[in-house]
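Hello,

Here is the structure we talked about.

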Amino acid sequence: MRLKIWGCRGSMPTPGAGTIEYGGNTSCVEVCLDDGTVLVFDAGTGIRDLGFELMSRSARRVHLFLTHLHLDHLEGLRFFAPLWDERMSVDIWGPPSPVLSLQERIARSFSPPLFPIDFREVPAQLSFHDVPREPWAVGGASLVAALVVHPGPTVGFRIESAGSSLAYLPDHEPALTGMAGKSTDWISGASIAEGVDLLLHDAQYSDEEYEERIGWGHSSVAHAVAFKRAVDARRVILFHHEPLHTDDWLARLEDRARSLVGRNEEQPTLAREGMVVELP
């Protein structure tokens, strides 16, 4: 698997001189499988540039997996080039709701006055899927989704392919229900993250910021590192950066994360827009 981060900012886009190194686009991660299958996780503003890249590769099918429908994970979908090409097939997966279908919920952002074009006019061939309760396969990958602690129906994903595994939990507050001294059966998100080679995890706040935002659905850097240890993930990339955090601030948070691990542990890394990771 080859992973590329197209957006790793949380809550809202933050373009500007202070966010060049880590990036200002909101959540979007691409995973390419060895068989050529393209998996896209979340549709923040980072998906816009990804769409242009996919069209340049002459891609014809994309699988898009939405962790939830907060705007920072959906706002780029309207500007995703494959949606506007009738030759494209786009499968969209997301958390189920007892009230409205996934298609109906997404369509709200494709209607006036929010957007001039109705969702029914999108020319691509669209398919909508509630994420299954059991593992399922897409291309050469096996996927598992599970509900996690975050306001509104929110899932995290586990992806396994060719002997490698990764977990994607960009919005997650496991500390709210506790981690210390608990078995993984009782830790939010552990069922999909346990033992993965690579964990992408929410780390929006410093320790001090988190104390003022308990229950908002996000983690501190320290809690992200604690979760990585609790699930025995090999490597963690810290994700969903706070909009107020400049590059300098984020560099200090990365230093803080690295101070929390021992010499024999793999160093935590903050996500950077454009980062590429090859999983063997």
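**Backbone and sheet notes**

Alanine 162 sits in the loop between strand 9 (155-161) and strand 10 (164-169). Keep in mind that this is a predicted model. The phi of alanine 162 is positive, about 50°, although the residue is not a glycine. Most residues other than glycine have a negative phi. Is alanine 162 buried or exposed? Alanine 162 is exposed, because its relative accessible area is 57% and the cut-off for exposed is over 50%.

Aspartate 42 also has a positive phi, near 75°, and is not a glycine. Its place is the loop between strand 3 and helix 1. Aspartate 42 has a relative accessible area of 0%. Buried means under 20%, so aspartate 42 counts as buried.

Most peptide bonds are trans. Proline 113 lies in the loop between helix 2 (102-107) and strand 6.

Seven strands form an open sheet with mixed pairing, in the order 6-5-4-3-2-1-14. Strand 6 (125-130) and strand 14 (276-278) are the edges, and each pairs on one side only. From one strand to the next, the twist averages 20°.

Strand 1 (residues 2-7) and strand 14 run antiparallel, joined by three bridges. There, lysine 4 stands opposite valine 276 of strand 14. Helix 1 (residues 47-56) packs on the sheet. Helix 1 touches strand 1, strand 2 (28-32), strand 3 (38-41) and strand 4 (61-65). The direction of helix 1 makes about 30° with that of strand 2.

Best wishes

Note on methods:
Residues numbered from 1 in each chain as written. Predicted model: local features only at pLDDT ≥ 70, side-chain atom pairs only at ≥ 80, totals over all residues. Heavy atoms only, no water. Pairing = 2+ DSSP bridges. Helix = DSSP H or I, 4+ residues; strand = E, 2+ residues; numbered from the N terminus. Axes fitted to C-alpha atoms, helices over the stretch in contact; angles between N-to-C directions. Contact = heavy atoms within 4.5 Å. Buried < 20%, exposed > 50% of the residue type's maximum accessible area, 1.4 Å probe, protein only.
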